[in-house]
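Colleague: I have not looked at this one before. Can you walk me through it?

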Amino acid sequence: MSEKKSFFIKGTYFDYPALFLVIFLALFGLMMIYSASSYVANSTFGDGAYYLKRQFLFMLLGFAGMVFVSHIRYQKIKRFTFWIIGVQALLLILVLIIGTTTNGSTRWIYIGAIGFQPSEIAKLAITIYTAAMCSDKKWMTTSFKGLIYLMIIPAGICVLIVMENLSTAIICAGIAVCIWFVATTKPKLLGIILIFGFLAVVILITAKGYRSARIDAWRNPETAENGYQTMQALYAIGSGGLFGRGLGQSIQKMGYIPFAQNDMIFSVVCEELGLFGAIGLIVVFLMLLWRFRFIAEGAPDRFGAFMVVGVMSHIAIQVLINMMVVTNVLPNTGVPLPFISYGGSSLTFLLVEIGIVMGVSRQIKPTSIQEKEKMEALG
């Protein structure tokens, strides 16, 4: 096997700190899912480890996908950019036609007993597409006209996603904008994007009655009909104090917080591990993003760098939205906490994205990133 195709290459850089942080977050997520779901899982399915076992299987699948993708030379992915974005659009259309409704939202496609959310794949598809366009067609990053051409396809994908999940559409749009912002020579155009984006979100919120109800629940969680989940999450955060009640000792997870193992799992982290544990988790996320920054800076080409920026943006935006929702800084919306919340599609495809980042890191020259680290250490 040639050196270029070998995974363990002597003298080739591989970002093991980033890999360690990903493994830590995934295992921490399993621990918190078991803690947050064991009571409800035992009363519902007669098995306290029901959600844990399912998430563990998806974690294994995700890590297998991550290892496989990290073996692929990421430059080859660019050849299939339009195929990837085309298949993604088709899957989102199929959701509207044959999708399965779960908890009031139609987001799933089932093939036999196996289900997945195409909107989770969309984050990766938009990352690949935007990175490819920004690296190959630089004119798209130098003018307002180029920006319009660049955003046509991501905007179309986001429109399809909005019919299923507004929050996921916002994340996908954020990924495309972040990649463009890193690539552009006209950063002042960002103001125009933010204005149009804000207006679009306002229109979409007011267009659907249940979204307006979530705004009311955000402003008045104590009295609003839909404010129950938010209030229970805030009770959990408040009762955790500085060091928490102790792992596994949450009270609010015992049927008070609906679906505590999903989007609201951060409130259980705060209740059981306290402010200290919550800050520790945030620090781990920041460390992971910091390692990704080094990988992006050391990438051998613009395409690799922009893809890493896309994955960074995905994780950063999703963590920020989830934690702001749990603490009622933002209206309640369905955004899982990366690596931590229960959800097979989310974890699997996120680990595949990590595989792309690891694939980029394998092609970095060791000297380039070591020099950057030394410069950072020296200030």
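Modeller: What follows is a short tour of helices, surface, charged pairs, cysteines and backbone angles.

Modeller: Keep in mind that this is a predicted model.

Colleague: Fine. Let's start with helix 3: how far apart are its end C-alpha atoms?

Modeller: They are 26 Å apart. Helix 3 covers residues 81-98, and at 1.5 Å a residue its 18 residues should span 26 Å, so the two values agree.

Colleague: Which residues of helix 3 are buried?

Modeller: Thr81, Ile85, Gln88, Leu91, Leu92 and Val95 are buried in helix 3. They sit on the same side of the helix, because they cover an arc of only 115° around its axis.

Colleague: And what is exposed on the other side of helix 3?

Modeller: Trp83, Ile97 and Ile98 are exposed there.

Colleague: Switching to the surface. Which residues form the nonpolar patch?

Modeller: The patch is formed by Trp139, Phe144, Ile148, Tyr149, Ile152, Ile192 and Phe196. Together these residues have about 720 Å² of accessible area.

Colleague: Which elements give two or more residues to the patch?

Modeller: Those are helix 5, residues 144-162, and helix 7, residues 190-207. Helix 5 gives the largest share, 4 residues.

Colleague: Take Ile148 from that list. Where is it, and how accessible is it?

Modeller: Ile148 is in helix 5. Its relative accessibility is 43%, so Ile148 counts as partly exposed.

Colleague: On to charges. How many salt bridges does the structure hold?

Modeller: There are 7 salt bridges. One of them joins Glu120 and Lys123, whose closest N and O atoms are 3.0 Å apart.

Colleague: Where do Glu120 and Lys123 lie?

Modeller: Both are in helix 4, residues 118-136, and they are 3 residues apart, about one turn of the helix.

Colleague: Are Glu120 and Lys123 buried or exposed?

Modeller: Glu120 has a relative accessible area of 6%, so it is buried. Lys123 counts as buried too, because its relative accessibility is 1%.

Colleague: Which parts of the chain does the pair of Glu272 and Lys253 link?

Modeller: The side chains of Glu272 and Lys253 meet in a salt bridge at 3.3 Å, N to O. This pair links distant parts of the chain, with Glu272 in helix 10 (residues 265-298) and Lys253 in the loop between helix 9 (228-240) and helix 10, 19 residues apart. Glu272 and Lys253 are both buried.

Colleague: What about Glu297 and Arg293, how far apart are their closest N and O atoms?

Modeller: The distance is 3.1 Å, and the two form a salt bridge. Both lie in helix 10, 4 residues apart, which is about one turn of the helix. Glu297 counts as partly exposed because its relative accessibility is 38%. Arg293 is also partly exposed, with a relative accessible area of 31%.

Colleague: Next, cysteines. What does the disulfide count come to?

Modeller: The count comes to 0 disulfides. For Cys172, the nearest cysteine sulfur is that of Cys158, 5.3 Å away. A disulfide needs the sulfur atoms within 2.5 Å, so Cys172 is in no disulfide.

Colleague: Are Cys172 and Cys270 buried or exposed?

Modeller: Cys172 counts as buried, at 0% relative accessibility. Cys270 counts as buried as well, at 6%.

Colleague: Last topic, backbone angles. What is phi of Phe259 near?

Modeller: Phi of Phe259 is near 50°, a positive value in a residue other than glycine. Most residues other than glycine have a negative phi. Phe259 lies in the loop between helix 9 and helix 10, and it is partly exposed, with a relative accessible area of 46%.

Colleague: And where is Asn328?

Modeller: Asn328 is in the loop between helix 11 (302-326) and helix 12. Its phi is near 65°, again a positive value in a residue other than glycine. Asn328 has a relative accessible area of 16%, so it is buried.

Definitions and conventions. Residues are numbered from 1 along each chain as its sequence is written. This is a predicted model: local features need pLDDT of at least 70, side-chain atom pairs count only at pLDDT 80 or more; totals for chains, interfaces and linings use all residues. Side-chain values use heavy atoms; hydrogens and water are left out. Patches are made of residues with over 30% relative accessible area and no salt bridge: like charges are joined within 9 Å, nonpolar side chains (Val, Leu, Ile, Met, Phe, Trp, Tyr) within 5 Å. Accessible areas come from the Shrake-Rupley method with a 1.4 Å probe; for residues, only the protein chains shown count as cover. A salt bridge is a side-chain nitrogen of Lys or Arg within 4 Å of a carboxyl oxygen of Asp or Glu. Buried means under 20% relative accessible area, exposed over 50%, partly exposed in between (1.4 Å probe, protein chains only). The expected span of a helix is 1.5 Å times one less than its number of residues. The arc is that of the directions from the helix axis to the C-beta atoms.
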